[in-house]
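Subject: Structure for your files

Hello,

Here is the structure I promised to pass on. My notes follow below it.

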Amino acid sequence: MLSEKTLQALNKQIALEGNASASYLAMASWCERQGLNGCATFFYDQSAEERMHMMKIIHYVNEMDGHAVISEQEKPKGEYNSVQELFKAVYQQEKSVTSAIYELLSISDEESDHSTTLFLQWYVAEQREEEAQIRTILDKIKLIGTGGQSLYFIDQEVQNINAQRGQEEAGGEEGVA
Ligand code: FEO
């Protein structure tokens, strides 16, 4: 059984993950229009991941006899001046999701809700990985600079990360089988 305070905070997180999914979808679409296919694939995958994060919370809340609420979605930003600006926005977005997860954890600790605390551990690890990945991309963007072919090289780097991610996921699935 969830306390009212925890339930409200989890429902807020459902909305946050849903908005993150929509935001990544808009970013993917922007990248696709710019011909940045590596970045577009990255954000389409990321959008699906955020939807999965949202779904996990919905199932958890309902399993705990709560009522998972699906609220109205914010309209995501659809235009960016540069790929650099876009990845900086992604980093800020992930940092605010991490803060929201920490806030949720403070509530579950306060309420001695061990089940929710345990459930949220997965999100803590996931956020650490996501933030590290975006920082890696931002570092590469800085190294590549803004020269003539920089967009091509940035897109290549992100494409390499997509391939790496695909391999890790395939490895994970093999481990599960
Ligand atoms: Fe589910 Fe990247 O926050």
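How many helices and how many strands does the secondary structure of the protein chain come to? There are five helices and zero strands, where helices (H or I, at least four residues) and strands (E, at least two) are DSSP runs numbered from the N terminus. The order from the N terminus on is α-α-α-α-α.

This is a predicted model, in which local features need pLDDT of at least 70 and side-chain atom pairs count only at pLDDT 80 or more, while totals for chains, interfaces and linings use all residues. Residues are numbered from 1 along each chain as its sequence is written, and side-chain values use heavy atoms, with hydrogens and water left out.

Along the principal axes, the C-alpha atoms of the protein chain fill a box of roughly 55 × 40 × 25 Å. Of its 177 residues, 44% count as buried (under 20% relative accessible area; exposed is over 50%, partly exposed in between; 1.4 Å probe, protein chains only).

Helix α2 covers residues 37–63. Its 27 residues reach 39 Å from first C-alpha to last, close to the 39 Å expected at 1.5 Å a residue (1.5 Å times one less than the number of residues). Just after α2, aspartate 65 has a positive phi of about 70 degrees.

Methionine 52 lies in helix α2 and is partly exposed, at a relative accessible area of 35%. Its C-alpha is 30 Å from that of leucine 151, 99 residues apart along the chain.

Glutamate 129 is in helix α4 (residues 114–144) and counts as exposed because its relative accessibility is 52%.

Regards
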